[in-house]
Amino acid sequence: MTYYRVDVKGVLSWWRAERQIVTLTGGAILYLALFVAAAGAVSILIPLRFLGIRTRKRGLMVLGLGLLAFTLGVYLPVEETRVAAPRTRLDEFAPVYQFSEFHSILVSAPKDQVDAAIRTVRPEEIRFFKTLTLIRGIGTLAPEGRPILESFTAKWFLLLADDPGREIVFGRGADASGRRTLAAAEFKTSHPPPLIKIVMNFRIEDVDATHCSLTTETRVYAAGPRALRGFATYWRMIYPGSAIIRRMWLRAIKRRAEASA
């Protein structure tokens, strides 16, 4: 009998890469559709001949094509993921989700110093952090001079789990209007739609005596057709900027941890 060994980490990496491609493709379609629709709308008044739109009638057709493409981007399939057996604290609070992003970095420092860096890194240590968060509409959540994690959990996110040296989990759950928010104890239970639940973590794992693997993952669950489509559109459009913020955040933690080491 032949036995086959499954590389779980390899499968997860492939799956995450595939999902990232789908998200980036959806975002590209939405941005291109908006550009086409805008060009068509302008050409209804003044045909943009340098774009090949020579008549107002053609401008109307281009506008319709852009709106059709945007609708296609909004209604691209969304896949739901369920965690079979929880392995992390993040799995406990976000076992079901449709949207996610995952980033990792190798840090040359022990766990306690990486943990301390996660809790103390500030916005001014991350290049373009303020600009990117302002674009996303969350710039006021992390003022300069104060640790980012402290600001996030004081204003908008709830601290869901805190295992020093291992994992920190924080999140926010609310209906589409933001009037009904979830308490920390409610994150592990199901709730009626419309609802959007966002959960994020930082996780530290030993690699060897002098190195740690630091990862951060964000998961989002949207319940209800309107919440799902609305967040899918938002996620696909902000994903590139969100990914840049996460990676630069990890690099800032790495610099602070290795400096203290």
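The stops below move from the sheet to the helices beside it. Please bear in mind throughout that this is a predicted model.

**First stop: the sheet**

Begin by displaying the strands S3, S7, S6, S5 and S4, which in that order form an open, antiparallel sheet of five strands. From one strand to the next, the twist averages 10 degrees.

**Second stop: from S3 to S7**

Select residues 212-223, which make up strand S7. This strand runs antiparallel to S3, and nine bridges join the two. To view one of these pairings, select Val107 together with Cys212 of S7, its bridge partner.

Next, select residues 195-206, the strand S6. How many of the residues of S6 are buried? Nine of its twelve residues are, so S6 is largely enclosed by the rest of the structure.

On one side, S6 pairs with S7 in the antiparallel sense over twelve bridges; here Arg203 stands opposite Thr215 of S7. A hairpin through five residues leads from S6 to S7. S6 also pairs with S5, again in the antiparallel sense, over eight bridges. Select Phe170 and its bridge partner in S6, Met200, to see an example.

With H7 still displayed, turn to helix H4. The axes of H4 and H7 come within 8 Å and cross at roughly 130 degrees. How are the two helices oriented to each other, and why? Angles over 145 degrees count as roughly antiparallel and those of 65 to 115 as roughly perpendicular; H4 and H7 are therefore oblique to each other. The crossing of H4 past H7 is right-handed.

To display the contact, select Gln113, Val114, Ala117, Ile118 and Thr120 on H4, then Ile253, Arg256, Ala257 and Ser260 on H7. Colouring these residues by type shows five nonpolar, three polar and one charged.

Notes
Residues are numbered from 1 along each chain as its sequence is written. This is a predicted model: local features need pLDDT of at least 70, side-chain atom pairs count only at pLDDT 80 or more; totals for chains, interfaces and linings use all residues. Side-chain values use heavy atoms; hydrogens and water are left out. Two strands pair if DSSP finds at least two bridges between them. Helices (H or I, at least four residues) and strands (E, at least two) are DSSP runs, numbered from the N terminus. Axes are lines fitted to C-alpha atoms, for helices over the stretch in contact, and angles run from 0 to 180 degrees between N-to-C directions. Contact means heavy atoms within 4.5 Å. Angles under 35 degrees count as roughly parallel, over 145 as roughly antiparallel, 65 to 115 as roughly perpendicular and the rest as oblique. A crossing is left-handed if the near helix is turned anticlockwise from the far one by less than a right angle, and right-handed if clockwise. Ala, Val, Leu, Ile, Met, Phe, Trp, Tyr, Cys and Pro count as nonpolar, Asp, Glu, Lys and Arg as charged, and the others, Gly among them, as polar. Buried means under 20% relative accessible area, exposed over 50%, partly exposed in between (1.4 Å probe, protein chains only).
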